[in-house]
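This briefing goes through selected features of one structure, grouped by topic. The structure itself comes first.

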Amino acid sequence: MSELPLEGDQPSYADAMKRIEAILAQIESDDVNVDKLLEHVTEAAGLIKLCKSKLTETETQVRNVLETLEED
Amino acid sequence: MLSLRPVTEPATLPTPNALPVGSGAFTVAELTTTIAEVISGDFFEEVWVVGEIVGNPSPQRSGHSFFDLRDHGTASTKTAPKLPAKLWANHRLRIEAELAGARAPALTEGLQVLVRGKVSYYAPFAEVGFIISAVDPNYTLGKLEGERRRIIKALTAEGLLRANAAHPLPLVPLDVLLVTSEGSAAYNDFISELRRTPYAFAVQTVDTRVQGRDAERTLIAALDYSDELADAGWPHVVAIVRGGGSSSDLLVFDSERFARRVASHELPVVCGIGHEIDRSVLDEVAHTSLITPTATAQFLIQQVALFDAQLDECLHALASQAEQATSNSRARLLAGANKLSRSVTDELARERGHLVRAELKLPHAASAALGSATQQANRAVLRVRFANEVVSRAQRRLDTNTKLIRAHAPDRVLARGFSITRDAQGKPVRQPPPSGSRLVTTLAEGSIASTVD
């Protein structure tokens, strides 16, 4: 498993997405490693959850900022 | 005791000539009477004389005027001839009215005049005099006009006539050096006109004579004072004003010396001399000539007002441009904000799309991977089974072969009465070995040890 560059404790959104794509590619290839399969799926699911929460947070904050513009 | 010397006849007694003689000598009265008679004889009629008034021709308390006539330009000469003039009150009044009526200058020092009168001899003063009975106004006027024209021609030829006009009037001529008779009507008119405006005019006044003998000197001194101030950057403009007056009152403004001084002045000189119709040399040589002190003030006010109006215009243009720029900017900003909002929303939606796709892919991929592994595992099972099959088949073949081999087993052959003979090394013999060799023969039941013969 490649090392992800971390921001604090968490990888950046972009890096997480990249890792997710990489894992998927690996799983989809015929190079099946049953031992690693569980590891990969766990990691991928974790990263997806992380990205989802980051995305939701960003959507909320952006909406707040844009709303302050309309207040003027 | 004093001794009186006897009176003796002087040796140099002049010889009396043809005139009537008494004791051979005239009395003074006789002589002077004679002189008077001679003079009045030769000058029986009135004559016209052209000359320059020297001395003050203002009337005395008696109403009579006394002054001298000299040839033009000889006023300061000691030896040039002079003619004492007398103007009796009655004549004077008439002449003054005539001059005023003709708009000619009144009699004043320095004026060149054409006068009519009678030569007389006044014995008590032993003075030849000239009793004036009339003055030709046109002569003086002509002379003045001629002089005016000459000065203007000279100044034009020297390029001085509009020299002062070449100095640009400052855009905002608020600092004014006022040259006038302080406290006069002209002064008050000028100042009050400026005070009526909201503009911050700063006026310094130089009190000068504006008519008479001292006028030229004080006016020139005022301009010299202006030069002194100019070093401190003050004022913007010089204003020379005076109220209306008679022609003789205004004579100083035809002065050549004064005109040249104005022409060479470094600051613009504006003038408001209250003529009625005439224009003096000053009017020609000044930067701008106005008809009255009030008009002069108004001229300066106009300059400032014009600048004020231009400022207003600029202000309005600025305000409207600023407003335009602001509303443009606001519109651009609004458009930018909207674009930002849209872009961000789109971008987030895109990202969410990616994420959703990945999320969907994962279980499929995992399933597929597992399925693939399962398949592999199944394939392995099949291969194992197949191997089993192969082993079974081999086993069966082995059994068959075993049975066959059993059928041909040596103990069966032995049972049929055959024997196997082996040599000392245990090898079955097929040929007779050399004699003396030891042999072992195996029978169905037991064995025989022998030696070859």
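**A histidine in chain A**

A:His40 counts as buried, because its relative accessibility is 12% and buried means under 20%. The model is predicted.

**Surroundings of A:His40**

- A:His40 is part of helix 2 of chain A, which covers residues 34-71.
- With neighbours within four places in sequence left aside, the contacts of A:His40 are A:Ile23, A:Gln26 and A:Ile27.

**Chain A as a whole**

- Chain A contains two helices and two strands, and read from the N terminus their order is β-β-α-α.
- Buried residues make up 29% of the 72 residues of chain A.
- Among the contacts in chain A with a separation of 6 or more, 57% join residues 24 or more positions apart.
- Helix 1 of chain A comprises 16 residues, 13-28, and at 1.5 Å a residue it should span 22 Å.

**Helix packing in chain B**

- Two packed helices are described by the angle between their axes and the distance between the axes.
- In chain B, the axes of helix 4 (residues 185-195) and helix 8 (residues 293-407) come within 8 Å and cross at roughly 25°. Helix 4 of chain B is therefore roughly parallel to helix 8 of chain B, as angles under 35 degrees count as roughly parallel.
- The crossing of helix 4 of chain B and helix 8 of chain B is right-handed.
- Helix 4 of chain B contributes B:Ala186, B:Asp189, B:Phe190, B:Glu193 and B:Leu194 to the contact. From helix 8 of chain B come B:Pro293, B:Thr294, B:Thr296, B:Ala297, B:Gln298, B:Leu300 and B:Ile301.
- Sorted by class, the residues in the contact of helix 4 of chain B with helix 8 of chain B are seven nonpolar, three polar and two charged.

**Backbone geometry in chain B**

- Most residues other than glycine have a negative phi, and most peptide bonds are trans.
- B:Arg103 is not a glycine, yet it has a positive phi of about 55°. B:Arg103 sits in the loop between helix 2 (89-101) and strand 4 (112-122) of chain B and is partly exposed, with a relative accessible area of 36%.
- B:Ala126, also a residue other than glycine, has a positive phi near 50°. The loop between strand 4 and strand 5 (127-135) of chain B holds B:Ala126, which counts as exposed at 52% relative accessibility.
- The peptide bond from B:Trp234 to B:Pro235 is cis, and its omega is near -15°. B:Pro235 belongs to the loop between helix 5 (215-230) and strand 8 (237-242) of chain B.

**B:Val413**

- B:Val413 lies in helix 9 of chain B, residues 410-415, and is partly exposed at a relative accessible area of 27%.
- Leaving aside neighbours within four places in sequence, B:Val413 contacts B:His408 and B:Phe418.
- B:Leu443 is 30 residues from B:Val413 along the chain, and their C-alpha atoms are separated by 9.8 Å.

Technical notes. Residues are numbered from 1 along each chain as its sequence is written. Chains are lettered from A and ligands numbered from 1 in the order in which they are written. This is a predicted model: local features need pLDDT of at least 70, side-chain atom pairs count only at pLDDT 80 or more; totals for chains, interfaces and linings use all residues. Side-chain values use heavy atoms; hydrogens and water are left out. Axes are lines fitted to C-alpha atoms, for helices over the stretch in contact, and angles run from 0 to 180 degrees between N-to-C directions. Helices (H or I, at least four residues) and strands (E, at least two) are DSSP runs, numbered from the N terminus. Angles under 35 degrees count as roughly parallel, over 145 as roughly antiparallel, 65 to 115 as roughly perpendicular and the rest as oblique. A crossing is left-handed if the near helix is turned anticlockwise from the far one by less than a right angle, and right-handed if clockwise. Contact means heavy atoms within 4.5 Å. Ala, Val, Leu, Ile, Met, Phe, Trp, Tyr, Cys and Pro count as nonpolar, Asp, Glu, Lys and Arg as charged, and the others, Gly among them, as polar. The expected span of a helix is 1.5 Å times one less than its number of residues. Buried means under 20% relative accessible area, exposed over 50%, partly exposed in between (1.4 Å probe, protein chains only).
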